[in-house]
Amino acid sequence: MSYNQSIFAKEVDTLYRALPLPLFASWFNSLFLAGILYQQISTTILLIWIIANTALTILRYMSYFYYRRVSQLHSLKSLYILYFIGLALSSLMWGSTSIFLFNGSLAYGLIVVFIAGGMAAGALGYLSYRFETYLFYNLTILIPFFIVLIAHPSHEFDIMGFILILFSGMLLVSGKKFYTNFHNAITLQFEQNVMLEKLAAEKDNIDRLNRHLKDEIIEKEQAQEHLIDALEASKQAAIAKEAFFATMSHELRTPLNSIIGFSQILSRKKELPAEIITYLEKIFFSGKHLLDLVNTILDYSKLKSEKMKPNFTQFSLKDFIYELSMMCEPIAHKRDIEILYPSFENETIVADRKMLYQILLNILSNAIKFSPQNDRIKFTYDFSSKHLFTLCDHGPGIALDMHEKIFEPFTQIDNLSGRNPEGTGLGLAIVKEMVEAHSGKIWVESVVGKGSCFYISLPSHSPDK
């Protein structure tokens with residue numbers, strides 16, 4: 001519940017809680033007035049007046065008990081409207097006394113005006129919790145008397161009318177002041193409660209901090225000791241990591257290159273049986289796949305350790321894309337996939353040629369792998385203030401929640417299409433590292449079941465310029 005709603009709820013609750021005693025007083029006043037006017041006006045009118053007042057009093061008591069029972073279940077606005085309806089009926093009934101109970105006698109007229117004015121004045125203490133309720137009640141009772149008294153031919157009644165106008169004005173001013181003071185008191189009460197809650201929360205927080213302060217100091221001292229040990233361990237790990245990658249580069253690449261080379265040479269010997277040649281081809285492809293995995297892991301490690309720095313040169317995009325197409329066309333041809341390449345004239349780019357080649361080759365290879373048979377891949381290029389390469393396919397697409405994750409290490413993009421995972425899951429992570437090494441940006445737009453578009457944006461010059 002908002003702050004203003006809380007104040008409104010308090011005002012409505014106060015109106016209802018103050019209702020029982022004034023209801024009884026109003027009913028008693030109606031009996032008193034009827035007793036005074038007995039034999040002065042029609043007994044039938046007095047009887048109707050008493051019955052109407054009694055019925056309305058019972059109904060308003062019922063509304064009071066209804067509020068006490070369901071105030072937590074119904075909206076405050078509807079309960080306030082119910083209160084206002086009862087108030088309107090009561091004020092209309094008392095205002096009507098100027099017509100039905102006013103017999104023209106000055107003495108009895110004074111009594112009727114006195115009791116009606118007393119009703120308006122007496123309501124000041126319990127209706128001003130909402131000023132519009134008192135304003136409506138006051139005016140509805142007294143305005144008919146203004147009209148009757150001022151319109152009456154007697155000079156004394158004219159004076160009474162003007163006095164009643166002044167009296168009602170004073171009541172309204174008092175009602176406004178009463179409401180303002182009550183409203184300010186509620187506001188201060190709520191602000192005080194909020195402040196007390198905040199102070200209690202702050203006290204609990206301080207107590208909790210004090211309880212844990214000693215433990216935290218001890219933990220920090222222990223953490224410092226652990227940090228010193230961890231720092232020493234990280235130094236040893238860095239030395240071991242350097243030694244490991246140096247060994248990987250030499251001890252794994254050298255024998256793998258030998259296996260690949262010798263298997264390729266042996267597979268060309270025509271005198272060997274076909275079965276042996278098949279085995280040699282499997283050795284060749286398996287060795288090449290293993291070498292690619294090793295190279296991928298080493299490249300990613302070098303990029304993360306910032307040991308692989310871009311070598312920026314300026315080169316022709318026309319020749320570069322031609323070389324790229326020579327590498328991708330055989331793979332695409334096997335699956336009857338057409339690649340639409342951009343056309344170039346004399347456009348150049350400043351970038352690391354080897355890195356850019358690996359970036360575009362990786363994206364194109366993925367597009368070929370995930371595109372359906374006999375499909376078409378669109379490769380476009382645009383330059384305004386930056387170089388923008390776009391590759392779009394009609395593959396299975398990538399779910400929205402995976403658009404960022406596919407660039408994280410060891411995320412298998414193959415899993416997104418339901419195929420068995422291959423490789424290390426580092427391909428797109430390496431691509432992202434290489435693009436960011438150029439101070440560029442890579443992102444994907446994709447719809448599941450319709451395809452994907454990868455965007456690679458590179459600056460028009462090398463970052464060091």
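Two strands are counted as paired if DSSP finds at least two bridges between them. Helices (H or I, at least four residues) and strands (E, at least two) are DSSP runs, numbered from the N terminus. The model is predicted, so that local features need pLDDT of at least 70 and side-chain atom pairs count only at pLDDT 80 or more, while totals for chains, interfaces and linings use all residues. Residues are numbered from 1 along each chain as its sequence is written, and side-chain values use heavy atoms, with hydrogens and water left out.

An open sheet holds five strands in the order β2-β4-β5-β7-β6, with mixed pairing. Because β2 (338–340) and β6 (441–447) stand at the edges with a single partner strand each, one side of each has no neighbour in the sheet. From one strand to the next the twist averages 15°. Seven bridges join β6 to β7 (residues 451–459) in the antiparallel sense; Trp-443 has Tyr-455 of β7 as its bridge partner.

Helix α12 (residues 353–370) lies across β2, β4 (376–383), β5 (386–393), β6 and β7, and runs at about 20° to β5. Axes are lines fitted to C-alpha atoms, for helices over the stretch in contact (heavy atoms within 4.5 Å), and angles run from 0 to 180 degrees between N-to-C directions.

A nonpolar core is a set of buried Ala, Val, Leu, Ile, Met, Phe, Trp, Tyr and Cys residues joined through side-chain atoms within 4.5 Å, buried meaning under 20% relative accessible area (1.4 Å probe, protein chains only). The largest such core has 49 residues, and Trp-94, Leu-127 and Tyr-137 have the most contacts inside it. Apart from it lies another core of 40 residues, including Ile-321 and Met-402.

Note on methods:
Buried means under 20% relative accessible area, exposed over 50%, partly exposed in between (1.4 Å probe, protein chains only).
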